[in-house]
Amino acid sequence: MKVPVSDFLASQKPEIKRLVGLLENQFAYVSVLGTDVSGKSFTVRDKSSSVSNIPLEERGFVARVYTNGMYYEYSFNNLPPGGADKLAETIVENAKKSAEMAADIIRYPLIEEESATISYHGEVAILPNSMASAEKLARLRAINEKAHNLCDVLVDLIVTCTTAAVSKVFISSKKDLEQNYIISEAAIVAVVRRDDNTRYFYTSCSGLKGLEILDELESKTAGCVENAVKLLDAKPMQAGEYDVICGPDAVGIIAHEAFGHGVEMDMFVKNRAKAVEYLGKPVASKHVTMHDGAKSASHAASYLFDDEGTLGTDTVIIKDGILQTGISDLLSALKLGETPTGNGRRESFARKAYTRMSNTLIRPGNDKLDDMISSLKHGFLIESAESGMEDPKDWGIQCMFTSAREIIDGKLTGNLYAPVIMTGYVPELLSNITMVSREEDGFELTGAGGCGKGYKEWVKVSCGGPYIKTKARLG
Amino acid sequence: MLDALITILDEYKNQGLEYRLIERKKSRAESFYIKKSLEMNRGVDTDAIALTVYKVFEEDGKSFRGSADATIHPGMTREEIKNVIDEAFFAAGFVKNEMYPLEEKGAAPTGEFTSGIPALGVHKTMSKLREAVYAQDKHDKGNISYSEFFVDQSGIRIINSNGVDVRYTAYSVDIELSVHWRDGGEVENFEAYKLADCDTALIGGRVEKLFNIASQKPLAVPTPSVNDVNVLLTGECLNEFFNYYYENSNASSIYTKISTFAVGDELQGECAGDRFTLELDPFLPGSTGSRPYDNNGTPLKKVCVVKDGRLMQLWGDLRFSSYLNAPVTGNIENRVITGGSTPVSEMKTAPYLELISFSDFQMNSMTGDFAGEIRFGFYYDGTETVPVTGGSVSGNIKKVHGDMLLSAERARYNNYDGPATVLVKNVSIAGK
């Protein structure tokens, strides 16, 4: 089913164009991004349920103008019919004040755009609005009940399904872009308890999907509950350096934190990225090829154009271990004299655009997963990731994982260790990668949750890869 | 927009629709700098209404209150608003939650939150804070590599179908910056601050400390693998550390059985260390969590949740508190922790690892597990003190709170007011 256009944006488009026209009389560059992201989050737990707004929800506009060598932006969400005139006056006044505010400014070149008029409509199997709320809640309740039939130590089973219909328009003097697509994510959290020991396991599915995602979620119920129960017998991790095999989920977070944030080129402009010293140099083992881009995969962060009107691309960041290039937003690319990669993204129309990752992945290799496991004398298989933190200047890395499965003499012992924190020096971690699994042994991206820049500016991303073998410090 | 929405909502009264709406009129100024130069200014003016509709229904002789959320955006036509309400009202009929009351028109709040921002205005506040930050940028070997300033003023009005109609203004400042220091190589020290006042002394002091740490970072050696020394947790990680008790004493966590806490519990068990007291203060100066009402319009007042390690009462909103027949405190974000008497200097008489900053210290309130990558700290082996970096600390709060010590010195980080340092034992250090 084709994702329909937003009625709101369609009705506002003539007034947006009028606003752009009015501002063009005053400024050398003008653009307006209009957004309408709507949807609902359905949650069922043992003792409660909810229908709530989605974190991605937004409806509004951001105007960008160029004056005195710098860009000024104004975000607003009230554009009544005929309101462009008053709004244009506000923007002109604010932009002029802004330009006068500081004596010392960073001057940016003028954005030179090529003409483009493109409209994109994504497709999903089941549109969110085609299923009644009652049925959505009933499907989630059925998962909750199924889980309880499988387990008697379950304290709570949280099931959620979130759909977001994303519509955006980008209007400038040369561009008229429009995109409409749906992102969905669904998750199960199984909370189990024995005596004073509480553990949980989280599983999710996500992507450019509609409510067909519910079938996928249902199929993960038993595995989620089983994994949660196993965690009750997990032992604490003995701190130390180990040989590890990381699964697609863990590889995704390593790629994202290790070299995704590290090559965001707005960090180059701010002298915050060590990567700038390593362009064209080895930063990982020869087994590592890493991509990021709206076109690197068809997943939760795929789009036609970014929040600055740049078309999405597929960037090869690391090829055979050599750092190739970074990813960029429009202004950083202009400042650095680079071609923008379509990674200028905003948390919402009300926030600034920064260089942000989209779909980040390590490419599959040629090793068999079984061979990788049998090559470990003593180590761990790490499969489920929880969170991570970047350190683009000093190249530290922190990744939190739910658990690690012990491997001794090339075999999984059945012993589980939890929780697990992985830390290290990024080039060391990536240079120690000696094996990368084949696509058929498991190559997956996950796009549930979001990515912040520091502690804010949350955007939807996906990340993943195959299995890798490396050496890491665990705690 | 608000009046039009209420008029439409009233048309649903005879169908049993009840509602709560929160109007937020936000105005924000943003400035972005690279070194000392202005990179961009932004302005934000938005207005939206968060609507919750309720439907009471019966099933098998039992009453339920269902609810569904929606957003009313500016410029929505009457027809669009009605569609949104119809959809939410229909969905609410399938949300089977135990019956609970809605807030009623009631008492005025017991305190007042004051901020210097309204007197100065958003732009002047930003200018003064910027001056305070850059006044510290005075070193030959170090500089601020970038900074971001956000000053936000939000007019908030909460109305429900039970007669609640309250309003207040909320202020929020976000500052983010990194400091670079060159001594051999170049290192970075990054921090983000959140506050609700134009507290230039506080911000200036924190940036000064940031430079101080950055200047010592090039001298840092890899954190050693030591598991038998006292670990001194300092800084903002303590808000996350004590979050375990905050989350688990919440009525919602107990109702959903995520928490096993019960009123009267001695939370620290047999305790050889300091017993802590946790109070929630809705009027904590300078905190973005300070407000007179929660989102239901419940007037807030200071409450003592934990006294000397014993859980005295739960905290929570009207719904979950009523389920548990607990006093309704409303949702309060500010935590005040007391109970420490040991000077930090005394904590440092034996070998210790003092952890100053983390990549991202995390406490899992469900399991009690905590961990974080060490960005900077000091290790004292009994003879000398050296700066350290790298590696991680991990542990479980249930294994450390029986003998933890809270410092007499205090610190404040936005919605945290508590000990500046907490000494813990029995934690694992993954070092070199």
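This is a predicted model: local features need pLDDT of at least 70, side-chain atom pairs count only at pLDDT 80 or more; totals for chains, interfaces and linings use all residues.
Chain A contains ten helices and 27 strands. How does the radius of gyration of chain A sit beside that of a compact globule? For 475 residues a compact globule would come out near 23 Å, and chain A has 24 Å, so the two agree.

Now the inside of the chain. Of the 475 residues in chain A, 57% are buried. I also like to look at who touches whom along the sequence. Take the contacts in chain A between residues at least 6 apart in sequence: 75% of these join residues at least 24 apart.

On to the contact between the two chains. Chain A brings 62 residues to it, and chain B brings 58 residues. Which element gives the most on the chain A side? That would be strand β4 of chain A, residues 70-76, which supplies seven residues to the side touching chain B. Sorted by class, that side of chain A holds 26 nonpolar, 21 polar and 15 charged residues.

Let's stay with β4(A) for a moment, if you'd like to find it on the screen. β4(A) pairs with strand β2 of chain B, residues 37-59, and the pairing is parallel, with six bridges.

Notes:
Residues are numbered from 1 along each chain as its sequence is written. Chains are lettered from A and ligands numbered from 1 in the order in which they are written. Two residues are in contact if their C-beta atoms, placed from the backbone, lie within 7 Å. Helices (H or I, at least four residues) and strands (E, at least two) are DSSP runs, numbered from the N terminus. Ala, Val, Leu, Ile, Met, Phe, Trp, Tyr, Cys and Pro count as nonpolar, Asp, Glu, Lys and Arg as charged, and the others, Gly among them, as polar. Two strands pair if DSSP finds at least two bridges between them. The radius of gyration is taken over C-alpha atoms; the globule rule is 2.2 Å times the number of residues to the power 0.38. A residue is buried if 20 or more other C-beta atoms lie within 10 Å of its own, exposed if 12 or fewer, and partly exposed in between; C-beta atoms are placed from the backbone.
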